Amino acid sequence: MPANFAPSAADYLRILPEIIMTVAGVLIMLLEGWLGENKKRNLSVQTFVAFAAALVSAVAANGNPGLSFSNMLIVDGFATFFRVLVIAVGILSLFSATQYLKREHAESSEYYALLLFSVTGQCIMATANELIMIFIGLEISSIATYVLAGYLRDDKRNNEAALKYFLLGSFATAFLLYGIAWIYGTTGSTNLSTIRIALLTPGSETNVILAGTAAALMFVGFAFKVSAAPFQIWAPDVYQGAPAPVTLFMSAGPKAAAFAVFLRVFMTAFGPITSRWEPFVWSSALLTMIIGNFAALMQTNIKRLLAYSSIANAGYVMVAIAADSQIGVAAAMFYLAAYAFMNIGAFAVVTHFSRQGEKFVNVEDLAGLGWKQPVTAALFSIFLLSLIGVPLTGGFFGKFYIFKAALDANLVWLTVLGLLNSAVAAYYYLRILVVMYMKEPGEATLSLQPVGVGIAATLWISAVGTLVLGIFPSVVLNFATASSALVK
Amino acid sequence: MNLWLIPIFPLLGFLLNGLLGRRLPKAMINLIALGSVALSFAWVVKTLVGLGPIETKYIEHYCTWIQSGTLNISVDFAVDRLTAIMLMVVTGVGLLIHIYAAGYMEHEGGYYRFFAYFNLFMFFMLVLVLAQNYLLLFVGWEGVGLCSYLLIGFYFTEQFATTAGNKAFIVNRIGDFGFSLAVFLIVRQFGTLDFTKVFDAAKGLPAEASTGILTIITLLLLVGAAGKSAQIPLYVWLPDAMAGPTPVSALIHAATMVTAGVYMIARSASLFSKAPITMDTVAVIGLATAFFAATIGLAQTDIKKVFAYSTVSQLGYMFLGVGVGAFSAGIFHLMTHAFFKALLFLGAGAVIHGLHGEQELGQMGGLFKHMKITAITLFCASLAISGFPFTSGFFSKDAILVAAYEHAPWMYWVGVLTAGMTAFYVFRAWFLAFTGDYRGHAHPHESPLVMTGPLMILAVLSLAGGFINIPHFLEPMFAERAENQGLAWLSAGVGILGILLAYVFYVAKRGLADSFAKAAGGLYTLVYNKYFVDEAYDATVVEPLIEGSRTVLWRGVDAGLIDGTVNGVGTRSRGIGSILRLAQSGNIRSYAAWVVLGSIALLLAIGFSGGLR
Amino acid sequence: MTALIFLIFACIAVFCGISLVVQTHPIASALSLIGVMGSLAILYLQLGGEFIAMAQIIVYAGAIMVLFVFVIMLLNAGAETPTFQASTFVKYLGIVLLVAFLGLISFIIQAALPKTEGVVFGGFQGTAADVGRKLFTSYLLPFEVTSVLILIALVGAIVLARKEI
Amino acid sequence: MPNAVPLSWYLILSAILFGLGVAGFIFRRNIITVFMSIELMLNAVNLTFVTFSYQFKQVDGHIYSFFVMVVAAAEAAVGLAIILTVFKNRSTLMIDDVNSMKY
């Protein structure tokens with residue numbers, strides 16, 4: 001325990017992104033009162049500035065990596081990767097939310113503030129080096145997301161989504177906490193590195209069993225947050241019910257952050273007892289892929305379909321975790337980045353298309369989009385192709401690395417079944433493409449307005465991101481590989 | 001040599017036409033689309049002239065694509081003799097078909113879109129051919145599949161076109177599954193994807209140690225090749241793919257893309273030749289496909305369908321060739337096939353064009369006097385595909401059959417029989433279309449020069465293309481096979497016999513065919529319905545997939561298990577509607593029950609078995 | 001003495017816990033929960049957690065539960081109306097399974113836990129001063145971060161409950 | 001009767017309470033009661049923390065349970081607000097009635 005507890009300047013620098021976002025969140029709520037009704041639109045600009053500043057400071061913080069605040073936080077490549085990722089997700093969801101809120105006549109500073117706070121929580125998760133910090137970060141992120149999911153509180157679907165998300169989320173968190181309590185009891189600490197050391201010291205057999213039990217309980221909590229089977233069950237309902245830009249955010253940000261802590265906890269703290277948790281991650285990965293892909297086959301609601309696709313994608317990342325290697329971690333990181341872009345892009349199209357009150361959310365409604373708005377449809381196609389895993393997109397390389405990592409770890413059957421799954425997955429993405437390009441435009445498509453600035457920005461950035469990750473994967477992959485070494 | 005320019009031209013064409021095409025006049029679109037392919041062709045010629053005899057492989061390295069651990073994949077293009085042939089075929093035939101398409105698509109909607117996709121296809125096909133490692137090849141491989149899908153579904157208003165596009169895509173996914181698994185295994189085994197390194201490493205492996213893994217890898221590659229090249233059992237998509245515009249059928253589904261599987265096997269010859277089991281499988285699949293598709297071709301009445309099944313059949317020949325180790329013969333046939341099959345399709349397109357969209361042979365007849373050029377050029381192509389002496393097909397097909405004879409004589413005999421059938425049904429189509437009396441209602445007319453020009457060039461190539469001695473050219477890469485004049489003449493004789501039979505059945509003694517079909521009865525029905533393979537696929541693969549997930553997820557688990565314990569069995573089973581519920585019942589408590597069940601399962605596993613070891 | 005107190009309050013806690021699960025009226029459930037919390041506070045005291053025992057009473061039983069009761073009153077929530085009749089067999093099966101599962105867990109804990117000395121009253125005193133010292137040194141950051149959490153809860157509750165968006 | 005209580009008794013008690021919380025979540029139909037079951041689970045967790053704190057003779061466990069309480073308070077505020085909105089829209093507190101999205 002360090003003797004001097006007073007935080008140093010370096011400590012503050014390392015949590016500068018969180019500080020910026022929190023302060024900005026508070027300021028924006030205050031600003032609304034001063035600005036008055038007609039200046040509301042500037043709120044999104046200010047939020048963007050805050051995000052951008054946080055992004056810069058997150059990158060800057062990586063220049064001076066290390067532990068801070070009595071080992072509560074760790075800033076390293078891994079943390080920076082996920083911080084940048086979740087802040088980027090925040091920015092993209094901000095772009096698409098602005099237009100949505102205006103459309104629903106629900107623009108208010110609280111939405112932006114909650115978005116900022118939620119991303120703050122995810123940044124804390126990314127940097128946390130302590131189970132208790134992870135827990136608090138997770139709760140900040142989750143509670144803000146619960147509220148966002150029910151943001152349009154006069155909408156029945158919003159309510160239901162929020163309630164389901166909240167009740168089941170808290171339920172799963174209780175399991176996570178119980179796991180934390182047991183790991184504390186087993187090792188006498190909640191610091192990840194200390195736990196690792198404690199588990200490495202040759203102890204009694206019972207100790208390992210208890211640690212395994214604790215790992216299983218924590219697995220429940222994390223698997224719930226990343227929507228991995230058999231704890232994926234909340235995701236379709238919540239994704240369907242929440243406002244489209246919130247779904248966009250939920251499916252990328254909190255998920256990425258939850259995977260970050262998942263990776264860090266299981267690789268660092270539970271690294272010594274791999275043989276205990278690897279099998280259940282393995283089974284969960286397989287189950288997740290199968291449930292996600294096969295259930296998506298028969299969906300008609302596009303939000304629900306994408307929700308199942310999001311579950312299936314979580315399954316692929318679980319495969320990378322099951323590989324339990326440095327390459328696996330790097331693959332998971334890469335895939336999460338690629339997934340964030342393609343998924344956000346897809347949901348941005350849904351946001352744009354659904355119109356006020358989310359009237360048009362069926363796959364069939366998209367009929368003829370390819371002719372009515374060729375550019376939107378083309379961008380959507382890029383995202384779908386990436387989700388299918390066609391070369392030159394991020395999704396392809398993501399899957400490539402993941403399955404390569406799995407093969408390197410001798411998970412031959414998982415690789416075979418995973419590849420089969422991604423072959424099945426092509427079918428339901430394809431259905432969207434077919435409807436878009438090969439059906440006559442229907443009522444929904446004909447009444448479509450041009451794409452607004454915010455959603456256009458989201459679409460283009462996501463498309464560029466997807467393609468860049470597919471054509472020049474080295475840039476991100478090298479960073480991921482370098483930083484994955486730190487997670488051990 | 002700037003090899004990268006070769007694929008870049010069509011890519012530029014795609015971008016220009018794709019982004020600006022809507023606002024450009026047709027002449028401009030033509031200029032961009034045709035010009036880019038012409039430039040690409042010119043650059044190929046310049047490169048090949050510049051490289052001279054290409055004794056060794058010429059490789060250009062551009063950049064490192066992926067550096068991950070020990071795996072290093074770079075963007076490299078390479079030219080060797082095999083590539084040179086493919087480049088000439090792809091850009092040359094591609095250019096001719098582009099020119100033809102400018103005439104054919106004249107009055108179709110979405111003109112710019114069509115050429116944008118067409119150019120994109122050329123780009124990916126050239127990447128596929130030039131690639132120097134498996135990953136880059138896979139990029140091209142997937143890309144051409146995508147373009148094929150887009151172009152099959154080009155007439156999006158027709159429901160059939162969309163389902164056909166789906167079928168093509170999904171079957172190709174099965175092939176891709178095999179291919180990608182093979183790629184992973186190659187990485188695992190050799191630590192690289194670079195062709196030269198992989199093949200050198202494979203050569204260095206001792207036979208006992210390598211046979212097993214190489215057999216698996218090559219079998220998986222074969223799955224990929226079979227999907228792309230429409231071999232049994234993955235051939236079902238190709239006949240349906242004819243729903244696309246005819247130039248697409250000619251370029252993608254006859255001359256170039258579908259031969260990618262053959263090219264890939266020839267490219268991986270070093271791996272395949274060390275896996276005798278796979279080689280035999282390739283040969284048997286090829287032969288079976290050739291025979292099987294030929295029998296189906298006998299009974300088709302749609303002119304494009306006839307040629308589609310003949311494509312499947314000819315691809316089977318190529319597989320037979322590479323399967324028996326005669327890689328050069330396989331590639332030889334690939335080239336000549338590109339000439340005469342492109343010609344057959346373009347000719348068929350000209351007929352359809354002249355008849356305003358009529359494709360049924362029953363609605364044709366006596367067209368010779370209306371469209372002489374088309375008829376004559378098609379006749380040349382038919383001669384070539386029948387293996388008539390001294391046409392291109394004669395040389396290439398017989399090279400394959402002779403090699404097959406040396407491998408196993410029975411393969412030769414089946415092959416010869418197939419050759420006879422091929423000659424029969426191709427000429428059957430020709431006679432039905434061009435001789436006799438006109439049976440249709442449209443006003444047939446000859447196509448413009450922009451369409452007949454390419455036909456004539458291809459006709460010359462189909463007749464004389466066999467004198468390009470490909471096996472000799474490829475000798476440094478693949479050992480040349482012995483010749484056997486006697487066998488060659490025998491199969492040519494069977495071909496001529498087939499032509500004569502067709503003449504007897506459809507010109508000299510009309511009605512004989514019908515009575516014959518009647519006599520065959522059930523057999524004819526079976527063949528006419530393509531052995532009910534499509535129906536079997538639906539029943540065995542597609543339906544169970546959908547139905548299975550529906551049944552298992554909707555009914556089984558939740559209704560029985562969760563609701564049973566939570567709410568009591570009695571009430572919930574009331575009403576049929578409530579039986580149809582998933583695990584996703586929408587009920588929070590049931591969701592929580594799932595979470596609990598999952599956790600209990602985990603804990604039990606940990607507690608009892610000491611951690612699921 | 002320690003054992004007796006433990007047994008008494010453990011029994012109260014379990015009894016109240018069961019009561020929470022079986023009562024159909026939410027107010028009854030809420031009161032049961034307060035009972036659990038109160039008895040747990042005593043157990044905390046036994047374990048030397050004086051600060052946490054007080055917080056348990058003041059924060060949990062005092063603030064959070066009042067909020068619950070308030071909402072129950074506000075919404076005028078009545079007793080649950082059974083929407084179905086669970087068959088007796090299933091009911092008893094459920095109880096048996098639950099007891100069996102709890103027994104199993106108890107057994108595992110009993111067997112797997114390292115044998116340490118028992119709890120005696122006063123064996124360890126975590127005074128409020130100790131807690132405070134740690135909270136503002138080692139745990140400074142999480143402590144500060146929880147302020148964000150509270151802020152979110154505040155904003156969230158307002159967003160969801162106010163009249164217009 | 002022994003004067004010292006084995007630590008495992010406390011842990012068993014917490015496991016039982018946790019299990020009761022889980023049971024409450026699954027078997028109760030009033031949303032508020034379901035939510036209270038979660039609070040019961042969190043209480044069980046707190047007991048575990050405090051027990052282990054005794055075992056290690058350090059106050060860290062107390063601090064963890066303190067944080068859990070803070071989180072529980074925050075959750076209660078937001079959760080009850082969500083329940084309020086659900087009630088406003090549907091005029092019901094029965095959890096089984098909130099199932100419009102399924103399959």
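Domain bounds here come from an automatic or database domain assignment. On that assignment, chain C is divided into domain 1, residues 1–78, domain 2, residues 85–114, and domain 3, residues 127–165. The model is predicted, so please keep that in mind throughout.

I'll stay with chain C for a moment. Taken over C-alpha atoms, the centres of domain 1 and domain 2 of chain C are separated by 23 Å.

Now one residue, C:I72. It belongs to helix α3 of chain C, residues 50–75. Is C:I72 buried or exposed? C:I72 is buried, because 22 other C-beta atoms lie within 10 Å, and the cut-off for buried is 20 or more. What does C:I72 touch, leaving aside neighbours within four places in sequence? Its contacts are C:P26, C:I27, C:A30 and C:A77, together with D:I32 from chain D. C:L104 is another matter: C:I72 and C:L104 are 32 residues apart along the chain, and their C-alpha atoms are separated by 36 Å.

Next, chain B and helix α2, residues 26–51. This helix has 26 residues and reaches 37 Å from first C-alpha to last, close to the 38 Å expected at 1.5 Å a residue.

Which residues of α2(B) are buried? They are B:I29, B:N30, B:I32, B:A33, B:S36, B:V37, B:S40, B:F41, B:W43 and B:V44. For reading that list, an α-helix has 3.6 residues a turn, so residues three or four places apart point the same way. Just after α2(B), B:G52 has a positive phi of about 70 degrees.

Notes
Residues are numbered from 1 along each chain as its sequence is written. Chains are lettered from A and ligands numbered from 1 in the order in which they are written. This is a predicted model: local features need pLDDT of at least 70, side-chain atom pairs count only at pLDDT 80 or more; totals for chains, interfaces and linings use all residues. Helices (H or I, at least four residues) and strands (E, at least two) are DSSP runs, numbered from the N terminus. A residue is buried if 20 or more other C-beta atoms lie within 10 Å of its own, exposed if 12 or fewer, and partly exposed in between; C-beta atoms are placed from the backbone. Two residues are in contact if their C-beta atoms, placed from the backbone, lie within 7 Å. The expected span of a helix is 1.5 Å times one less than its number of residues.
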